[in-house]
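The exercises below ask you to work through a predicted model step by step.

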Amino acid sequence: MKAVKKRSHTLFLAGSLLLALFLGFRWLDRSREFSSLLPFSLQEVTACYATLECFYLDDPAQEKSLHTQLTQAQTQDLLEQLSQSAYRREGSASGLSTETNSLIRIYLHTSGSSHSELMLNGELLLVNPLTYRGDSVAYRPEGDSLAQYQALSAFLQSCME
């Protein structure tokens with residue numbers, strides 16, 4: 001009788017552990033709003049700098065970078081465009097591939113000392129929290145990520161003209 005009780009107790013604990021692991025992974029894989037990806041709220045953003053890095057694998061001499069500081073209105077438009085998608089966590093990352101698309105870098109600053117770097121390459125959004133110790137995390141926009149990337153790229157190019 002004791003052996004049956006012990007076995008059922010062990011099976012219950014193993015089942016509970018598996019359920020907790022499953023729910024934990026589902027929690028990490030949930031859709032997130034853009035505002036939840038940053039270590040500060042979107043209302044705290046006071047300055048935004050953007051860079052378009054154009055890479056050409058066949059002719060490295062044509063590579064170029066365009067830089068600009070966005071106005072407050074342009075910053076709000078950019079944040080609204082980024083907020084239109086929900087994002088799913090892809091995992092930790094140290095950089096993004098530039099084989100298929102140019103790289104968009106966005107630096108968001110707050111009135112305090114907080115700032116973050118966002119990098120987009122057409123498929124992924126990499127969030128690099130520069131103000132506290134933490135790893136960069138890659139997210140995949142839900143829906144057509146390439147269309148979102150192209151819209152952001154066109155918007156930033158129009159801001160740089």
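On a 1 Å grid over the protein atoms alone, a cavity is a set of points where a 1.4 Å probe fits but cannot get out, and its lining residues have an atom within 4 Å of a point. Grid points are joined across faces, edges and corners, and a volume is the space filled by probe spheres set on the points. This is a predicted model, in which local features need pLDDT of at least 70 and side-chain atom pairs count only at pLDDT 80 or more, while totals for chains, interfaces and linings use all residues. Residues are numbered from 1 along each chain as its sequence is written, and side-chain values use heavy atoms, with hydrogens and water left out.

**Exercise 1. Describe the largest cavity and its lining.**

Step 1. The count comes to 1 cavity of 30 Å³ or more, and the largest cavity has a volume of about 30 Å³.

Step 2. Its lining includes Leu-120, Gly-122, Glu-123, Pro-141, Ser-145 and Tyr-149. The lining residues divide into 5 nonpolar, 4 polar and 1 charged, where Ala, Val, Leu, Ile, Met, Phe, Trp, Tyr, Cys and Pro count as nonpolar, Asp, Glu, Lys and Arg as charged, and the others, Gly among them, as polar.

Step 3. Helix α3 (residues 145-160) gives the most to this lining, with 3 residues; helices (H or I, at least four residues) and strands (E, at least two) are DSSP runs, numbered from the N terminus.

**Exercise 2. Is Ser-145 buried or exposed, and which residues does it touch?**

Step 1. Ser-145 lies in helix α3. With a relative accessible area of 14%, Ser-145 is buried (buried means under 20% relative accessible area, exposed over 50%, partly exposed in between, with a 1.4 Å probe and protein chains only).

Step 2. Not counting residues up to four places away in sequence, Ser-145 touches Gly-122 and Glu-123, contact meaning heavy atoms within 4.5 Å. A polar atom of the Ser-145 side chain lies 3.3 Å from the backbone oxygen of Gly-122.

**Exercise 3. Which residues touch the most other members of the largest nonpolar core?**

Step 1. A nonpolar core is a set of buried Ala, Val, Leu, Ile, Met, Phe, Trp, Tyr and Cys residues joined through side-chain atoms within 4.5 Å. Of the 28 residues in the largest one, Phe-34, Leu-78, Leu-82, Ile-106, Leu-108 and Leu-118 touch the most other members.

Step 2. Among the elements that give two or more residues to this core are α2 (72-83), β5 (103-110) and α3, and the largest share, 5 residues, comes from α3.

Step 3. Apart from this core lies another, of 5 residues, among them Leu-103, Met-119, Leu-124 and Leu-126.

**Exercise 4. Why does Ser-113 count as exposed, and why is Arg-32 described as buried?**

Step 1. Ser-113 lies in the loop between β5 and β6, and it counts as exposed because its relative accessibility is 64%.

Step 2. Arg-32 is found in strand β1 (residues 31-33), and it is buried because its relative accessible area is 11%.

Step 3. The side chains of Arg-32 and Tyr-139 are joined by a polar contact of 3.3 Å, that is, a pair of N or O atoms within 3.5 Å; within protein, one must be able to donate a hydrogen and the other to accept it, and residues adjacent in sequence count only if both atoms are side-chain atoms.

Notes:
1 Å grid on protein atoms, 1.4 Å probe; cavity = no way out; pocket = protein on both sides within 12 Å on 5 of 7 lines; lining within 4 Å.
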